[in-house]
Amino acid sequence: MTQDSSANDSRILKIFNYVGGTLIFLGIAYFIANNWSILNNFTRIFTTLGSAIAAFMAGALFHASHKYESAASAFFMISGLLLPIGLGVTLIVSNVSWGPEEANLLIFGISLAAFMLALFYSPRAVFLLFTIIFASLFYLSLISFLTSEYTFYYDHLLDYEVIALGSGYIFLGYYLDSNNLPALSGPLYFFGGLFVLFESFTMGSNFFIGYNQPRWEIVTGILIILSFAFSVPLKSKSFLYLGAIFLILYIGDISSRFIELFGDLGWSLILVIMGLVLMLIGYLVFVIHKKINRIKLD
Amino acid sequence: MPDKKRIFLYIAILIPVAMILVTAFEVYFHQVSLNPKYNFLYILSKSEYGAGCWLKAKSQFYPETSTDKKETPQPDTDACKTTQFYIYDFSKNTSTAITQDEAKQLKLSPAYQTVSPDGFDISYYCTSSEVLDWPLINVNNLDVCVKKNDYTKRLHLRHYTTGVNGYYNFYFISWILNNNASTPGK
């Protein structure tokens, strides 16, 4: 009982620290945005990059004291949010003649290196979180850089990039979950599943780009089934709900075929089928949800 | 057992790495040199009547085509004062500022011909992957490209500047048919 209340207190303290950290970040961001034109170059860098470094050092000091561990995480979070902005401001002030790809590559490369190094020395969730975020942004920047000069115009490159990233998240989530580090596995499953299903649906449906690629229409169907299938062994409600949402969208999308087949009757047929499917999905989600809860309790 | 689980971490890292490698190979094998034979004339205009200044600049080279004067917005003389003519030289990948009189001596392609005689076009849209245009979008908007079929090449044409100068709008005027006149003053 005492242990429970102590854990609750610690969680509340963490929440307050993170909310405080977010407010500090917003305050700095608002100050800079509002006073950008009247600030000189030194102040611009000092308030962004300087604050990022100062917040990191404050976090390191809190961490070293062992007494204010949760405050340390909040300061590391402020540092993680401000570092890319600070580096971006420094590049803008330096007036370098780089394209956005080179600048992004440098900004996210430095940010990734800093937080990876911190993760190497102190394996904290906040370092892992920012390492994943900066690694993802670095990955997107690198591909953007590779295709920026002398480029063949690639259709759907972004879709494939995001699918690869989402797949990476799912595997990383599974690795963290199986190593008893579940703090980030939930968000990784959610974003991984969302990225893969959304991009696959984008390419395989008429919904977004007005035409579909038949092979991706089939792949999307398979991925939706897989998201239901994996939700139980992975104990992931994200997979379950994402699967349900995309199944409704998918059926809505392919139901447009009924109009081609049945003419005006197609519309009423779509409504009837959609109603039945919604009931079925609701029941399916309810059953799987119960099963996941039972596994988690066991 | 822990080593067995580690394989998922390696897969998580390898998937994006494979995507990067595939993209790099694709870029390498699809890479073509885009070297148009013809340079082009363009203006940079700071005016809020950028499109009007562009039409006004164009009408100096193609007076016969400017019959719709009443329909197009005609800015007063001061509004287009900041308009500056440039030649983009593909052999050096540089822009050179020229005067209006120098521009008038150039042999230009016919009005409304946006494609060069060797099949190139000037495009305002460059990359395939545009997730991250942040943060230098307002500093170096290198968004002007030369295009042929499905291939594009970004031009070193910087028309956004920081500070009091503000940003200048880019407007294509014409392809230059006599390239030896591309470096005025020589």
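How do α3(A) and α5(A) lie relative to each other? Hi everyone, let's start with that one. This is a predicted model, where local features need pLDDT of at least 70 and side-chain atom pairs count only at pLDDT 80 or more, while totals for chains, interfaces and linings use all residues. Residues are numbered from 1 along each chain as its sequence is written, and chains are lettered from A and ligands numbered from 1 in the order in which they are written.

So, chain A. Helix α3 covers residues 69-94 and helix α5 covers residues 125-146; they pack at about 15 degrees, with axes 9 Å apart. Helices here are DSSP runs of H or I with at least four residues, and strands are runs of E with at least two, numbered from the N terminus. Axes are lines fitted to C-alpha atoms, for helices over the stretch in contact, and angles run from 0 to 180 degrees between N-to-C directions. The two helices are therefore roughly parallel (angles under 35 degrees; over 145 is roughly antiparallel, 65 to 115 roughly perpendicular, and the rest oblique).

Who touches whom? From α3(A) come A:S73, A:F76, A:M77 and A:G80, and from α5(A) come A:V126, A:F127 and A:F130. Contact means that C-beta atoms, placed from the backbone, lie within 7 Å.

Now please turn to chain B, and its sheet. It is an open sheet of four strands in the order β3-β2-β1-β7, with antiparallel pairing. Two strands pair if DSSP finds at least two bridges between them. At the edges are β3 and β7 (169-175) of chain B, each pairing on one side only. From one strand to the next, the twist averages 30 degrees.

Let's walk across the strands. Strand β1 (residues 40-45) of chain B is joined to β2 (residues 84-89) of chain B by five bridges, and B:Y42 sits opposite B:Y86 there. Five bridges also link β2(B) to β3 (residues 94-98) of chain B. Here B:F85 faces B:I98, and B:Y88 has B:S95 as its bridge partner. The hairpin of β2(B) and β3(B) has four residues between the strands, and B:N93 takes a positive phi near 55 degrees.

One last thing to find on your screens: helix α2 (residues 50-61) of chain B lies across β1 and β7 of chain B, running at about 20 degrees to β7(B).

Terms used: Two residues are in contact if their C-beta atoms, placed from the backbone, lie within 7 Å.
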